[in-house]
Amino acid sequence: MTDSAESAPGSKRGKRERLVAAASRVLHEQGVEKTTLADIARVAEVPLGNVYYYFKTKDQLVEAAIEAHALNFRAMTASLDMHTGPRDRLKALLRGWIEQRELTARYGCPTGTLCSELDKRTDGLDRAAAEVMRLLIDYAERQFRSMGRSDSHELAIALVAAYQGISLLTNTFRDPELMAGEGRRLERWIDSLA
C-alpha cells in the first residue's frame, strides 16, 4: 500500500493519526482525567466504536499522544538546527514558545501540563511524559555546550525552568504578554552567555 493510500481519509492509518492528534489536543485543553474516549472520538471525527480497534484503553491513547509530542519535538528541533549557530537556535526556540503564548495563556504548556498531571500516577505514563521534557533539556544543553559553556546542563535547566515557570504564570493570569516579556529577557540572557 502506498503512503497516500495509508493516509487517505477513512483508512486505518488516517483514523489512527486523527485519533492521536485529537487526543493531544483534547488532553491539553481538558486534562487527562476529564477527557473521555468519546471526547477524543468526536474531535477526531471517528465513531467511538472504532476507537477500540486502535486503542483498547484511554491510557494507550494517552501514551500515543505522548509519543506524538516527542515526534513533534524532534521535528521542531530538526527545523531549529537549520539556524547557523546555537545561540540562534535557542532564540528561535524561544520565539516558537512566544508564538504559542495565546494557547499557553488558555491551557498552559502542552508538555508541562501533561507532565504535571501524569506525575501523580505511577503507571509508567509519568516517566514517558518526563522523557519528552528530557528531550527539551537535552536539546538546550547541546546548544549551550556548542556555545562553549562548561555549565551547559545547569543553563539548560535554567532555561527550561524559566519557560515552564512563565508558562504557568501566563496560564494562571491568562496574560500572554507575560510570556512575551520573559522571552525578550531570556533572549538577552542567552546573548550575555556568548
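Residues are counted from 1 along each chain as its sequence is written, and side-chain values rest on heavy atoms, with hydrogens and water left out. Because the model is predicted, local features need pLDDT of at least 70 and side-chain atom pairs count only at pLDDT 80 or more, while totals for chains, interfaces and linings use all residues.

**Salt bridges**

A salt bridge here is a side-chain nitrogen of Lys or Arg within 4 Å of a carboxyl oxygen of Asp or Glu. Searching the whole structure turns up 12 salt bridges. Here are some of them, with the N to O distances.

| Pair | N to O distance |
|---|---|
| Arg25 and Glu29 | 3.2 Å |
| Arg42 and Asp39 | 3.7 Å |
| Arg121 and Asp59 | 2.8 Å |

Helices (H or I, at least four residues) are DSSP runs, numbered from the N terminus. Arg25 and Glu29 sit 4 residues apart in helix H2, so about one helical turn separates them. For exposure, buried means under 20% relative accessible area, exposed over 50%, and partly exposed in between (1.4 Å probe, protein chains only). Arg25 is partly exposed at 47% relative accessibility, and Glu29 is partly exposed at 31%.

In helix H3, Arg42 and Asp39 are 3 residues apart, which again means about one helical turn. Arg42 is exposed, with 55% relative accessible area, whereas Asp39 is buried at 16%. Helix H3 spans residues 37-44, and its buried residues include Leu37, Ile40, Ala41 and Ala44. Just after H3, Glu45 has a positive phi of about 60°.

The pair Arg121 and Asp59 meets in a salt bridge at 2.8 Å. Arg121 lies in the loop between H8 and H9 and Asp59 in helix H5, so this pair ties together parts that are 62 residues apart in sequence. Arg121 is buried at 17% relative accessibility, and Asp59 is partly exposed at 30%. Both belong to a network of salt bridges that links Glu33, Asp59, Arg121 and Asp123.

**Nonpolar core**

A nonpolar core is a set of buried Ala, Val, Leu, Ile, Met, Phe, Trp, Tyr and Cys residues joined through side-chain atoms within 4.5 Å. The largest one has 57 residues, and Leu19, Ile66, Leu118, Phe144 and Leu159 touch the most other members. Helix H9 (residues 125-146) supplies the largest share of this core, 10 residues. Contact means heavy atoms within 4.5 Å. Setting aside residues up to four places away in sequence, Leu118 touches Val32, Val62, Ile66, Leu125, Asp126 and Ala129.

**Largest pocket**

On a 1 Å grid over the protein atoms alone, a pocket is an open set of points where a 1.4 Å probe fits, with protein on both sides within 12 Å along at least five of seven lines; lining residues have an atom within 4 Å of a point. The largest pocket holds about 680 Å³ of space, the volume being the space filled by probe spheres set on the points. Its lining has 27 residues, and Met76, Trp97, Gln100, Pro110 and Thr111 lie nearest its centre. H5 gives the most to this lining, with 6 residues. By type, the lining residues divide into 13 nonpolar, 11 polar and 3 charged.

**Ser167**

Ser167 belongs to helix H10 (residues 152-173). Ser167 counts as buried because its relative accessibility is 2%. Beyond its neighbours within four places in sequence, Ser167 is in contact with Thr104, Cys109 and Met179.

Terms used:
Helix = DSSP H or I, 4+ residues; strand = E, 2+ residues; numbered from the N terminus. Nonpolar A, V, L, I, M, F, W, Y, C, P; charged D, E, K, R; others polar.
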